[in-house]
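Have the structure open while you read along.

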Amino acid sequence: MSATRVNEVPVARVLVVDDEENQVRMLVAALRVEGFEASGTRDPDAVMDILRRDPPDVALVDLMMPGLNGIELARKIRDAYPAVRVILTSAYHLSERQLSRADCGVVGFVPKPYVLPELAEFLRAKIARATPVPPAKSGSRLCAS
């Protein structure tokens, strides 16, 4: 049994949703190295069952998936689990304006391929704040909404 220190920060939980198995495995492993409790699934239809059992702090959701796409899934998560912050990811860039017009409740966008230190910092910021993070500094590829 491990002891918890009073001032110890709880581990942030991230759910990775991507239809590409290699992406899920790589990102889950990388996020664990960065100190997150990470899990993943290739099946967007299984996400609601996963959330019902143990909702994460953040769901990192691929935009382009067969069947239920990332925007549709983000809306379902927002409606059923509003405390779960959803971040979309894709090789196709989305602007803050596009995210806003999609009205799917996402709190940001991360382009592929990932720059892991940027992604980890972005996730920590989203988890640490209950309100949206201001847009990233000029030159950053990450988009907050």
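Is E21 buried, partly exposed or exposed? I looked up E21 and found a relative accessibility of 40%, so E21 counts as partly exposed. My cut-offs are under 20% relative accessible area for buried, over 50% for exposed and partly exposed in between, with a 1.4 Å probe and protein chains only.

A note on the source: this is a predicted model, where local features need pLDDT of at least 70, side-chain atom pairs count only at pLDDT 80 or more, and totals for chains, interfaces and linings use all residues. Residues are numbered from 1 along each chain as its sequence is written, and side-chain values use heavy atoms, leaving out hydrogens and water.

Next, I searched the whole structure for salt bridges (a side-chain nitrogen of Lys or Arg within 4 Å of a carboxyl oxygen of Asp or Glu) and got nine.

E21 pairs with R25 at 3.6 Å, N to O. The two are four residues apart in helix 1 (residues 21-33), which means about one helical turn between them. Helices here are DSSP runs of H or I, at least four residues, and strands are E runs of at least two, numbered from the N terminus. R25 is exposed at 52%.

I then checked R124 and E34, whose closest N and O atoms are 3.6 Å apart. This pair links distant parts of the chain, 90 residues apart: R124 is in helix 5, E34 in the loop between helix 1 and strand 2 (37-41). R124 is partly exposed at 39%, and E34 is partly exposed at 26%.

Last, I listed the buried residues of helix 5: L119, A120, F122, L123, A125, K126 and I127.
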